Structure formats: structure tokens, C-alpha cells
Amino acid sequence: MSEELEHILTQLTQPDNAAIQKATAQLKQAFKDPAIIPALCTVMTQSANPQIRQSAVVMLRMRVKKHWKKISLDHRESLKAVVLQAFQQETEHTVHHSLSQLSAAMVKNEAPDRWPALLKLLNESTNSNNPQDRQVLGLLLLSKVVESNPEPFKPHYKKLLQLFGTVLQDGTNPTALYYCILTLTGITPYTGTEEMNLMRSLIPKLIFALKHLIQVDQDQASEAMEVLDELMESEVSIVVPYIAEIVQFCLEVSADVSLSDSLRVKTLSCIALLIRLKSKAVLKHKLLAPILQVVFPILSAEPPLGEEDPEDKENGDGSSDSESPKHFAAQVIDTMALHMPPEKLFNQLMPMIQACLASKNPYERKGGLMSLAVLAEGCADHIRTKMLSSVLQTVCHSLSDSNQVVRSAGLFALGQFSEYLQPEVSKYHAELMPLLLGYMSSLKEAKIGHVTKAFYALENFLENLGKKDIQSYLPTLMETMFSALNTTDNLKLKELAVSAIGAIANAAKEMLVPYFCTVIENLKGFLTDTRDEVRSLQTQALDTLSVLARTIGKDVFSPLAAECVQLGLNLTNSVDDPDLRRCTYSLFSAVSSVSPESLTPHLTAITTLMLLSLKSTEGVMVSKQFVLLDDDDDNDDEGDAVLEEDGENELEDVTGFCVENAYIDEKEDACDALGEIAFKFCVLPSLYPCVCVCACAHQFPHEDVRRAAFGAIGHFCRAQHKVWQDNPTEGNHQALQKLLGVVLPCFMEAVKQERERHVVMGVLEAMNAVIKSCKEEALQSPDRLAEISHTIRDVLKKKTVCQDAGGDEADDDDQQAEYDAMLQEFAGEGIPILASAVPAETFYPHLNDLLPLIMNKAKSSCTVADRSFSVGTLGETLQSLVNVQGGRAVAGRLSNRLLPVLVAGVKDSDAEVRNNSVFGLGALAEAAGPIISSNYPMMLSLFSNLLVKESDRRVIDNLCAALCRMIMSHMDGVPLEQVLPALLVRLPLQEDMEENKTVYSCLAFLYSRNPCSGVWCFNFFFICSCPLDTQNTLVTMLRDVAHRYSQEFESAVMSLSVEQRTKLTAALARS
């Protein structure tokens, strides 16, 4: 049979389609014969043609991969022997490579301890003095078999690491270095503490080996560089002692423009990963300046003569190649901004930026702007509070630059600022909006890449404008968007305009109603066009439709709701596209918020679709070079699948394996939508499969999916709580407790062990929402309150994995990355939530443990954000004590500790800190009542002094509310004849409208105590024209005023404007 088989394989290589088709049919028939295994073994070892030998090896590998269990034991054992024999006698490298892959496939099915001959060959060849034996028989084979199944080799790890220590020092044999590093990469995730010292000792040798490999084969060196990423991701403490050496090596490679872009990108990526995982160590070793001195010139470098940077190329769709050294240089600075204290970063970086911005070279000016842009996310507070006006002026100036490269960078920077520096940036709308609108009107449609950047800047700015601010620009904006939709055939421009309409809707909300019909008419054409070339526009139209559902108003959108649901279902049934499915899930979720009845009939179908998206492994693809045999015979007894020739390059082709971002986004949006729909409908029995799938999704490799899954699980808990509240049966209560008993420990474990900060923020946010909704039900377990408090404490003390816990680097509490501070804020928000969930005495021991960590952030040396967070958390915690059992006593007990912190905050230079401190003092007065009456004179004096000089309206509003709280808590301690005139003259509230309830309640309280005060009360109310229709207490009081003081009341009513009079009359007439 072997001769016949060799003939068939030979025919498959002929340039004759008829011969290939005939040979394919013969080969398919041959594979039904059990003797195929020994026949292929004969061809593999005896054919004189290396191409035929390799084909036989590939055939064997595919049979082993797919049908190992169907191969008889005799054939398995003979195959083991023959493969090793072939390996030792083979002379062609390509066949050696395929044989090593065949061996790897066998090891994946058959543990190496059941193949002692393999271990013996590996041991002999890797220790051989013959370089060829060591390189090919040993290290090539070792790399493949270990990579395929690393864990069974664990007993041999120490011996392997000792071997690597020798091989990595041999610079004369680069191929051996390459295979050695690949093997090390494969075993790194599986090593433990017992191998740690050996692993650590390899780092200098590894750098030596990589340097030699770069000189010989840059592609292999680029692949080998993965070992550094794997070492850092698996156990970063291994590399920390050599962090300076690693950074120096990476900087040398990054700066060498003679090397390939892929290699330079690898080293820049490695630097970014080091900063993300060990920013403290990078700072401790004084590596910030050396990194910037290499990275910044890469970012601001001029491209070769006649070329452009990838992002500046006009390619017709605005997209750009992100795999360039310049892009990754920006990523390094972005990572620094996210993981380093702003003060330390800006001291080093700003002189470089300023020099570039003043340069005559446009690419240097571009580099300066790009640096400012990527700093915006991670250093938002620093820029907002210390340099916003100047950087905005710089960016605005760049938009009129003579060079389009600079103008594009300026637009990108403005978009970044608009996204991350809110709400302060929006206050400059009078300067920025005319500039953006004028800029867009002068853009040429042909320059679509540049237009894309202009829309990016405009959208981000619009997203954060309030209704009041956008009103005057709305006609021009909508005219611009409708013009783009109706006067161009450019699909990308239409897509940008549709997206911008969504951003306008977010800001304008119901003010967009006059344009709604025209918008919908435009969208309908895009929504129903299923051509592939229109797909991107179609998905954007779905996104914008979802935004409209949430913003335009229930009455306006509800008539379209059922049609939208049916549209989404039809599209998901007819079009297989992850982006489109993602957008339909968002649409379903949006419709559930305005017209749940439209979703109800289709709930099962919709949740099934989302579950399929979460379970799907689609998007993970392996590229294949060509197919030899397509076995489409489903009735084949052997069940042979496709036989593929993927040859030597199967694992060397780095483009061959990828996870598509669109599928990740689909899963993320599916989680978000499932959570929102579950909370809206509270039909948990039908959503139990969703709970299970989301519980699995929280372990998904991609962090965005993990975060969304945790959020969805939190929604499920809150939904079950609503089910129990609406129908308080024992069964529903048990279901709630069972769910909480699984979810809350899962949350706490994630906070402590999850490596990505933004995932932990999402977990904390979800946990806080669950406790806020479920209150004491979430804390039924005896140790639950203590466990959650300890979790919060761990974050505040920087003891979690994502906070770089466990390192020996010195930690300066007063200087940390803004995102590290933000993480602690998410944790701190849980303190007042816990305080409101249980009796005050129950929580007091835990509160006593947490308060010093919060108060420590109020020091004058801390950042504005930290000081604001500190006093804000104290105020919210005191507010929580107002309504819980024993709250007054605990607030009184805490007063001596908290008063000095809050008083100091009232004198702070920052308005937000003053605002939060004033609120905190008012909350203390409300919570403690007469217990702190002795402190009233001091507090009133403090407020009196503040009133004289305070200019920030929000602070004044909170000061009014604080005085009202003091009056209601202990009226005898407040000299009303002095305080009331000072209070009333500063009403109505202008910024913090939430405090209207406090003020109304106080005035109603005073009126109930002394009806004679009605005269000044209603005069005030008429002047302020407050939202009477929402204030039952106030309406009741005014009715009484009208009854008691009819003449004065009527006189005051007549002094009002027609609008105010109508509003008041309607409120008083309400039943």
C-alpha cells in the first residue's frame, strides 16, 4: 500500500487539476483502510522525495490530531518508534520541522512519561556536543512538544532551565537560541516558586541571546521577544531585579531605525507592559527620563523622504496602520500617564513637549500635540486644575497651522481633551464651537481621513455639552449633518454624520424633537440596506437609533419601539456580522428603557441571541495555507476531517492566530444588554441561563468582557431583589440569598486578584450597586459585612494585585497615578453605602477601621482629587448615618475626629474641596444634632466668613443647605434673626439643585413652627420660581400661607410674571 500511497501523494503535487482531483479521491478512499498509518510511516521514512516525506508527516499529524483514540494501540506504539527513527535519519529541515509538529500532536494526546523513548532522545540530543544534534534533534523537537503540552513536562523544568542557562550563552548558534527561547516561553506560565530563582538567573543570558538573534534573524528575534511579555505577565517579580537591563535593551532596539518596525514595536510594547505592571520599580530605578529620551524622538520623528506616517495617509476611509513604532511610542507615554504620578511625569515631559510645539518642523509640532493628547486620560485632574487654559490655547492655535499633519494632530488632541477633561472643557464652548463649526465647513470631502479626525473632535465635544449650552448651535449642527447625508455619495462621510447626530442627541435630548422625523427618515434608508459595502453605515445607524431611544423622550420614541425591535430581530437573522449584532443588542436594551412592552413578546428570542454571542468562540481563527483534501462525506466511518498542509510556517506565521475585536465588542455589549434587560423585566427564572453564562464570562481572557460580565451579574442580583420585594415569598428570598451568596464572594475575590484596574473599578461599582439596592439582605451572612469592609480596606491600603501589591518598591502615598486614586474612590464609595445598610453600631467597628485611611487623603500635600474624595466620602458617610438606627450616637462619637478635617476643608483653595467640606459639616449637624451644639458657634462663624468671600455658586448653594440642616437638627443653636436674612438673600439655588429639597424642607419646618413667617416664605418662593410641582411639602405650606394671609398672598401672586403665575396656580390646584 505504501507504493500506491506514494504515487497518490506524488500526483497531488503535479500541476494538473485532473490528476489532483483523481488523486484526492484515491487518497480519501485510502484513508478508510486501517493500514493507512503504517503505510504513511513507510512513505515518511523511505521515500526519496523530501516533499513526499513531508506530505506523509502532515497526513499523519492530522490523523493524530483528530483521531488519536481511533488509532489502534499497536499502531500508536509503532508510530512512536518510527517518528523518532525518522527524526534521527532525516536530513531536510522542513521535514524535521513537520516531524517535530507530529511529535507535538502525539504528546498532546499521550503524556511524555508514556513515551520514554522521546524523553531519552530529548535528553541525549540536548546535551550532545554535536551542534546539529543539539539544535535540531534536541531544541527544535523540545520546543514543539513542550509548547503543545507544557504541564506534563513540569517535573523536568529545573533540568530544562539549567540546560537553557548553558544554551543561551552560546552566541555562535542562533538557531539553538531561537528554539531555546521558544521553549522557555512555553513553560513560563506553568512555572512555580520552586523554579523562580533559576528563571531569574536566566534574564541576563536571555538579553544576551536576544541581542545575538537580532543580528542574525530579526523575524525570529521578534517572535522570541514574546518571552519577555510572558515572563512579565506570568510572574513579573522574576524580571524586577533586572528591570534596568531590560529597559536599556528595549530602548537600544527601539531607537535603532535600521531594525524592522515589528521588532521595534515589540520592544516599545515591552516597555509599556513593564510600566503598566511595575511603574513604581521603573520610577525607583530612575528610568523615566531615559525612556522619554528615546521614546519622544520616535514620536516626533519625520518619516522618510516621500513617505507619510500611517495615520496621515489619505486612504479613503480614515483608518490607519497602528503597528508602527510611532504609534507604540505614543502608547508608552499613554501608559505612563495612566500608571505614574502626574507631577513626576510632567516634570520630565513638558520641556520636551514645549520644545516640539515651538519647532519649525511640523512633525515635531505634531509630536508635541500627540503627547498632550495621550496625557489627557491618565492625567486629567492635573491638566484640568493646573494647565487647561494654556493647553487648550495651544491646541486651538494648531487648528490654523499651515501643515495638515499638525492640524490633524490638533483635532485628535481636542477630541481627547473633550472626552477626558470634562466638565471644564465644555465651559469653553463659546470659543471652541465656532472654531469647530467653521473648521468643518471648510473641509474638503476628498480628505476623508482628515474629516474623520474633525468629526472625532466635534463628537467628543458635543457629547458633554448640556442642553443649555448646545441650544444656540443646534440649528447649524443639524443643517451641517443633513447636508452631509443628502449631498454626498461618500459612505464614510455619511457614517460620520450619523454618528455625530447621536452625539448631538446625547447633549440636546428632547430639544432634538423638531428634527426627529427628518433624522428617522434618513436613518431608515441605511437601516434596511443590507449590502456589504454599506454595513458600517448600517451599524452606525443602529447605534444612533439606540441613542435616540434613550434621549428623545418616551412619548416621541415609543410609537417606533415595536418596529425597532422587529428590525433588530430581522437583521440578526439575515446578516452574520458581530458589529451589527452588537448594535442590535444595544437597541434592544435602549427600547427596554422606554417601551418594555414592545420587547416582552420577543424576550426569549432576544436573550437567546445574546447567550449565543457569549458562548460563541467565533473570531478566533487560524489561517491555513492550502487544503489538500476536503472530506465532505458525513457518513464516512472514519470521520476524517479536512486534511491540511500547513507546513513549516504554521506556528511561525504571527498573523495566523487572532481574536477579532468585533467579537469582543459583541460579547461586551451582550453582557451589558442582558444585565439591563434583566433589571428592567425582573423575569429571573427565564434568565437563569444568562446568569450562568455571565458567571463564566467573568473569567473571559479579554478584560472588557470580564468587566461587562461582572456588571451584568450585579444587575441580576438587583433584579432578583426586586422580584422578592414585589412578591416576598420564602422561595424568592432563598433565591436572592443563594445568588448573593455566590456573587458577592466572587466580587470580593475579583477585587483582590484581578490584574486590570478598570475591571476592578467595574466590580466595585457593581458591588456597591448591589449593596445599595439590597441593603441588609446583602449582608445577611455573619461575616459578609466584615469581608466587604476588609475588601474596601485592602484597596485603600493598595494591597490588591492590580495595585502592584507585593513589591518592595517604596510607596509614596501623596503621589500616585490618577487612575490609582480613582480606583480608591470606587472603593471609598462603598463606605457610605454600607453605613446606610446596617445599624450604626454594627458598622461602627469597621467604620473606625476605614476612617483613618479616608482622612489621611485630606492632607494639604495630597492632590485636589484626593482631598475632594476624602471630605466628600466623610460627608456622604455622615449623611448615611442620619437614617439608620443608632446613627446620631455614632455621628456624635465621630464628631471630634471629623470636625478638624472638615473645617480645614472649608478653608481649602479648591472650590470642590470647599463644597464637599461644607456639605460634610451640614451632614454632621444633621446626623449628630444637639450632641454637637457646642460646635455650632464655631461652624456658624466659619460659614459667615465663607459667605463674605465665596464666589463659587455651588459652594454657596451647599452652604445654604448646610445652614438649613443645622436649623432643622438644632434650631435653638441657630440665631435665626441673623442667619435667615443671610440665607434668604442667597436664594434661589443656582447650581446644586438637588439641595432644593433640603432648603424647602427647612422653610416648611420653620413655617410649621411659626406660621407668621409665611410672609417672607412666600415672597421668597415667588422670586425663586422653584419647581413647585415636585415639592409636595412646599405646596402644602403655600396653600396654608394663602389661607392664613390671603391678602398678602394675592398681592404677591399678582407681582409674578404670567409664566410664574401659571406655574404656581397649577401647583396649588393639584389634588
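**Salt bridges and their surroundings**

Modeller: Asp309 and Lys366 are both buried, meaning under 20% relative accessible area, with exposed over 50% and partly exposed in between (1.4 Å probe, protein chains only). The model is predicted: local features need pLDDT of at least 70 and side-chain atom pairs count only at pLDDT 80 or more, while totals for chains, interfaces and linings use all residues. Residues are numbered from 1 along each chain as its sequence is written, and side-chain values use heavy atoms, with hydrogens and water left out.

Asp309 and Lys366 form a salt bridge, with the closest N and O atoms 2.8 Å apart. The term covers a side-chain nitrogen of Lys or Arg within 4 Å of a carboxyl oxygen of Asp or Glu. Asp309 sits in the loop between α16 (288-299) and α17 (325-339), and Lys366 in helix α19 (residues 362-378), so the pair ties together parts that are 57 residues apart in sequence. Helices here are DSSP runs of H or I, at least four residues long; strands are runs of E, at least two; both are numbered from the N terminus.

Asp820 and Arg757 form another salt bridge, at 3.0 Å from N to O. This pair links distant parts of the chain: Asp820 is in helix α40 (residues 818-828) and Arg757 in helix α38, 63 residues apart. Both residues are buried.

Now take Glu233 and Arg755. Their salt bridge has its closest N and O atoms 3.6 Å apart. Glu233 belongs to helix α13 (residues 226-235), and Arg755 to the loop between α37 (730-753) and α38 (757-774), so the bridge ties together parts that are 522 residues apart in sequence. Glu233 is partly exposed, at 32% relative accessible area. Arg755 is also partly exposed, at 33%.

The structure holds 40 salt bridges. Some join into a network: Glu77, Lys80, Glu110 and Arg114 are linked in this way.

Arginine also meets aromatic rings. Arg718 lies over the face of Phe679, 4.2 Å from the ring centre. Arg893 does likewise over Tyr844, at 4.6 Å. The rule asks for NZ of Lys or CZ of Arg within 6 Å of the ring centre and within 35 degrees of the ring normal.

Next, ring against ring. Rings of Phe, Tyr and Trp (its six-membered ring) pair if their centres lie within 6.5 Å; planes under 30 degrees apart are stacked, over 60 edge-to-face, and the rest tilted. The count is four aromatic pairs. Tyr178 and Tyr179 have ring centres 5.1 Å apart and planes at 55°, so this pair is tilted. Tyr178 is buried, at 2% relative accessible area. Tyr179 is buried too, at 3%.

Last, the nonpolar cores. A core is a set of buried Ala, Val, Leu, Ile, Met, Phe, Trp, Tyr and Cys residues joined through side-chain atoms within 4.5 Å. The largest has 340 residues, and Met44, Phe164, Leu228 and Ile291 have the most contacts inside it. Helix α15 (residues 261-284) gives the largest share of this core, twelve residues. Leaving aside neighbours within four places in sequence, Leu228 is in contact (heavy atoms within 4.5 Å) with Leu206, Leu210, Ile246, Phe249 and Cys270. Another core of ten residues lies apart from the largest one, and includes Tyr1007, Leu1038, Tyr1045 and Leu1056.
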